[in-house]
Amino acid sequence: MLQVLDSMSWNKMNVLHWHIVDDQSFPYESKIFPNLTLHGAYTQRHVYTQKDVTDIVDYARYRGIRVIPEFDTPGHVQGFGKAFSHLLTPCYGDGQNAGTPNYPLHAAYENFDPTNPQVYDFVKAFLVDLKHTFVDGYIHLGLDEVFLACWLSSPVVRAFMERHNYTEIGQVEQHYVDEVLELADLTPIKYITWQDPADRGTKMANTSVVQVWKDVSLSPNKMRGWRDYVHDLTEAGHQIILSSCWYINYITYGQDWRNFYNCDPTDFQGTAEQKSLVLGGEAAMWGEYVDATNLLPRLWPRASAAAERLWSLPVSEAPSTDDAAYRLDQHRCRMLRRGIPAQPILNGFCGEWEVPEDTPLSTYSTTTPTSTTTIMTTTASPPPTTTSQTTTPTSPTTTTTTVTVTTTATTTTPATQPSTSPPSTSTTTAQSQEPQTNTEAPPPPPPAAEVPAEGGGSPDVANPPTTAAPPSATPAPPAEKEGVPAAEATLVESVEAPAEEPAVGS
């Protein structure tokens, strides 16, 4: 999470939409409902404590980033149900018995039960809890993707419809939405919702924001193009943010970042007043096939393309993606130097810094000696000249205030102590050890390579390591390729990050 916030700040992204809970797990520690994480989290180590959340919010604030959490209802709530099963609707999948599934239409229990008054009491108390934990003022309420077939299968829900003279199951969903939005107004909190309620004409607060996620590319038979949705919602007076064309978790081979770069949320048929209601856009990273092992390389620099588009001229006036390609490629190299494993977007490399200057290239050779005589000859040769004193590699530093986090190889929650040093990991601990002295026959191995600490620390360019490289270790600078700008050639030949580097899009 802290690495994501660091990399967001380097890409001029200023809001973290934190989809913190869902059906699979409930890792958020509630002040007033502790059973939610006791029964709903994967394990008790997979929990964001109140202190963790506060640290993340503060860490983000120091970088100019707002944190807006999402707690989606009435669907996506099985995480809630692991602690409070009475809040969920029993489905009648077999037509006769409560709590029976009918896959793929619904599981045995789905959705909050709109007929149960205790559901609204719970939501009211939970919103108060969130208001005092997340200080931004906005909470994302979700309100999308309800399993209507479950409600329709329930005789209890059908009886509820008769009492309220509802003729369609969608009216039950609207009943729940109206109740929750009224509770939000009474709390009071400002809220964001997915576009589903607004598509149905739901009356919402003037401060509310609608997030547009639908597009024909996601469901050709059920959805229209995102431009149509944006036009209709802004015409109805809603403020909107767009995420339809920036689902970063969807991947294809090659330069799919070009599609992200060419999406402009104001590129729709509408008046100037309508376009003024477009607040921005969101690069969405969903986690069905994403976890800590591939989150950062999948996110960057593909999300950088969205960031530059949102901070730049409209797409009709902007330079081509070819012009942006070298800029994004250079920015990818900046993030690599700062410890973010951003994936390649062009078929090139980021410079000699990837092979530490004080490491002989022969270290990376896979050639096996052909005879014992060759080994004896090598051993008898004098080692390359080095300085008389072994120097511990300089610790990476960052140029921004950070919060210290202590982790192990199996936990990802931040610790509780604020600091001005970069987050530390078990890898950082290994790097802090003194280089080992070789007591056997020369040549001695080189000092350990300097690696940026997790969290984006950059090598201290003001105090480079003093260990000299072997005379033969530094390869000749690569020749400038035809068509490569001078700025890129400089980057390739440089082994030090500049003291100040502009963020993408600036």
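Author: What follows starts with the sheet, goes on to the packed helices, and ends with the disulfides and some loop residues.

The model is predicted, so that local features need pLDDT of at least 70 and side-chain atom pairs count only at pLDDT 80 or more, while totals for chains, interfaces and linings use all residues. Residues are numbered from 1 along each chain as its sequence is written, and side-chain values use heavy atoms, with hydrogens and water left out.

Helices (H or I, at least four residues) and strands (E, at least two) are taken as DSSP runs and numbered from the N terminus. Strands of a sheet pair through backbone hydrogen bonds, either parallel or antiparallel. Here seven strands make up an open sheet, with parallel pairing and the order 1-2-5-6-7-8-9, where two strands pair if DSSP finds at least two bridges between them. Its edges are strand 1 (15–19) and strand 9 (278–281), each of which pairs on one side only. On average, and with direction ignored, neighbouring strands of the sheet are turned by 25° against each other; axes are lines fitted to C-alpha atoms, for helices over the stretch in contact, and angles run from 0 to 180 degrees between N-to-C directions. Within the sheet, strand 6 (residues 190–194) and strand 7 (residues 209–212) run parallel and are joined by three bridges, and W194 has Q211 in strand 7 as its bridge partner. Helix 10 (residues 226–235) packs on this sheet, where it touches strand 7, strand 8 (239–242) and strand 9, and its direction makes about 165° with that of strand 8; contact here means heavy atoms within 4.5 Å.

Two packed helices are described by the angle between their axes and the distance between the axes. Helix 8 (residues 169–186) and helix 5 (residues 117–133) have axes that come within 10 Å and cross at roughly 35°. The crossing of helix 5 with helix 8 is right-handed, a crossing being left-handed if the near helix is turned anticlockwise from the far one by less than a right angle, and right-handed if clockwise. Helix 5 contributes V119, Y120, V123, K124 and L127 to the contact, and helix 8 contributes H175, Y176, E179, V180, L183 and A184. By class, this contact of helix 5 with helix 8 comprises eight nonpolar, one polar and two charged residues, where Ala, Val, Leu, Ile, Met, Phe, Trp, Tyr, Cys and Pro count as nonpolar, Asp, Glu, Lys and Arg as charged, and the others, Gly among them, as polar.

Helix 8 also packs with helix 7 (residues 155–163), at an angle of about 80° and with the axes 10 Å apart. Helix 7 is therefore roughly perpendicular to helix 8, since angles under 35 degrees count as roughly parallel, over 145 as roughly antiparallel, 65 to 115 as roughly perpendicular and the rest as oblique. V157, F160 and M161 of helix 7 meet I169, V172 and H175 of helix 8, a set with five nonpolar, one polar and no charged residues.

In another pair, helix 14 (residues 302–311) and helix 15 (residues 321–337), the axes come within 10 Å and cross at roughly 120°, which means that helix 14 is oblique to helix 15. The crossing of helix 14 and helix 15 is right-handed, and its contact involves S304, A305 and E308 of helix 14 with A324, R327, L328, H331 and M335 of helix 15. Four nonpolar, two polar and two charged residues make up this contact of helix 14 with helix 15.

Elsewhere, counting as a disulfide any pair of cysteine sulfur atoms within 2.5 Å, the model has three disulfides. One of them joins C91 and C150, whose sulfur atoms are 2.0 Å apart, and with -95° about the S-S bond the link is left-handed. It connects distant parts of the chain, 59 residues apart, with C91 in the loop between strand 3 (88–90) and strand 4 (109–112) and C150 in helix 6 (residues 148–153).

The loop between strand 3 and strand 4 also holds P104, and the peptide bond from Y103 to P104 is cis, with omega near 5°. W300 and P301 are likewise joined by a cis peptide bond, with omega about 0°, and P301 lies in the loop between helix 13 (295–299) and helix 14. H76, in the loop between strand 2 (66–73) and helix 4 (78–81), is a residue other than glycine with a positive phi, near 60°.
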